[in-house]
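Q: I'm new to reading protein models. Can you walk me through some surface and ring features, one by one?

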Amino acid sequence: MAEITENQLKTDIKSGNISNVYLFWGTDYYSIGLYTKGLINKLVDKNARDLNLHEFEGGSFDIGELGDACEGLPMFAEYNCCTVSDLNLFNTRDFSKESYDGLISIIEDIPETTVLILYFSSLDICKGKKNPEPAYKRLINAVTKKGTVCSFPVKTAADSAKTAAALAKKKKCVIGENELRQLCDICAYDMLMISSELDKLSAYAQDKPITPEMIELLCPGEDDAKIYDLTDALTAHNKQRALSVFGELLDMRSEPIVLLYSILGTYIDLFRAKTALKNRKSASDVKSDFSYGARGFTVDKAFRNAGRIPDEQLSRNIRMLLDCERLMKSRPEALHAEILEETIIKMLS
């Protein structure tokens, strides 16, 4: 079939023009999650999901089980739906060539009564570049021939603001235009973070208007948003973006040692999320076990991003940050920014 735009995808889903295979990729993870959920709701009745919805995680599934699920017939419904989230093709140990061949065969021979959705809600298959990495070329070509591919680049600030306004209305948040713009700026127009912050603010306001003071009290500051942006760039292996944000943070007079601990904290969140996923634990378990309290949104973000960074790279980066801490503590404060910048460059090498 073809690679289409988000608007075309929206029209197709609404009109019932359904493909048998979908692949959603990009860095607008909020929209990817939204369309995946919307497509599932379109295809599978909520009361029949045990029968007609089969969900697989990209880092831990058996290709034979996926094949069996795709071959299954829908029960009292038009479609049998299978999903695979965040398939990591960068690590051949987790997903062998034989499994890759098997996945391509499943796509090529997908039954007319099955819809397979491959989506990336926390994994950047471009590694910070414009186009997908070579590891994904074969997969994208196979889906393009058999079904629908749709990319979701990060939206402009104006488009994100419109989405945030619609989201606030859906959540029944009482928030003015200026306050919503303030929240978008703080969250660097990250829709997943905006959604989480709106839930928090709405619960705090209790049907009263959300004020600028509430946003300042409950939401991360500009430095925090930039730090999340920096960590996102690091996990996506986007050197240019990471160094650009690091420079912006220094211009904002952020202390290098504080930046180091903030970056290290987000990596520890990622480590906990990865460990939890391997042991079939939820984000709620992590929040409870480690007493995150109001910072629970950082755990949700870590769970979304856990698939973006291989275990080996995560461990290596944490070791580098700990080495950086020891070095900074043994050197004059005037050298701290240079030491941290050198560490960031090493993490991206």
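Q: Let's start with Met 75: how do I decide whether Met 75 is buried, partly exposed or exposed?
A: Keep in mind that this is a predicted model. The general idea is to look at relative accessible area: under 20% is buried, over 50% is exposed, and in between is partly exposed. Met 75 has 38% relative accessibility, so Met 75 counts as partly exposed. You'll find Met 75 in the loop between H4 and E4.

Q: Which residues form a nonpolar patch on the surface?
A: Nonpolar side chains can be joined into a patch if they lie within 5 Å. Here the patch is made of Leu 51, Met 75 and Phe 76, and together they have about 370 Å² of accessible area.

Q: And what about charge: which residues gather in a patch of negative charge?
A: For a charged patch, like charges are joined within 9 Å. In this model, Asp 62, Glu 65, Asp 68, Glu 71, Glu 108 and Asp 109 come together on the surface as a negative patch.

Q: Which helix gives the most to that negative patch?
A: That's helix H4, residues 63–71, which supplies three residues.

Q: Where does Asp 109 sit, and is Asp 109 buried or exposed?
A: Look in the loop between helix H5 (97–108) and strand E5 (114–119) for Asp 109. Its relative accessible area is 54%, so Asp 109 is exposed.

Q: Now for the rings. How many aromatic pairs are there?
A: Two rings pair if their centres lie within 6.5 Å. By that rule, the count is eight aromatic pairs.

Q: Why is the pair of Phe 90 and Tyr 136 edge-to-face?
A: Planes over 60 degrees apart count as edge-to-face. The planes of Phe 90 and Tyr 136 are at 75°, with ring centres 5.3 Å apart, so this pair is edge-to-face. The pair links distant parts of the chain, 46 residues apart: Phe 90 is in the loop between strand E4 (80–85) and H5, while Tyr 136 is in the loop between E5 and helix H6 (137–146).

Q: What is the arrangement of Phe 120 and Tyr 136?
A: Their ring centres are 5.5 Å apart and their planes are at 85°, so Phe 120 and Tyr 136 are an edge-to-face pair. The two residues are 16 residues apart, each in the loop between E5 and H6. Phe 120 is buried, and so is Tyr 136.

Q: Which residues form one aromatic cluster?
A: Look for Tyr 22, Phe 24, Tyr 35 and Phe 152.

Definitions and conventions:
Residues numbered from 1 in each chain as written. Predicted model: local features only at pLDDT ≥ 70, side-chain atom pairs only at ≥ 80, totals over all residues. Heavy atoms only, no water. Patch = residues over 30% accessible without salt bridge, like charges linked within 9 Å, V, L, I, M, F, W, Y side chains within 5 Å. Areas by Shrake-Rupley, 256 points an atom, 1.4 Å probe, with all protein chains shown as cover. Salt bridge = Lys/Arg side-chain N within 4 Å of Asp/Glu carboxyl O. Lys, Arg positive; Asp, Glu negative; His and termini not counted. Charge placed at Lys NZ, Arg CZ, Asp CG, Glu CD. Helix = DSSP H or I, 4+ residues; strand = E, 2+ residues; numbered from the N terminus. Buried < 20%, exposed > 50% of the residue type's maximum accessible area, 1.4 Å probe, protein only. Phe/Tyr/Trp six-rings, centres within 6.5 Å; stacked < 30°, edge-to-face > 60°.
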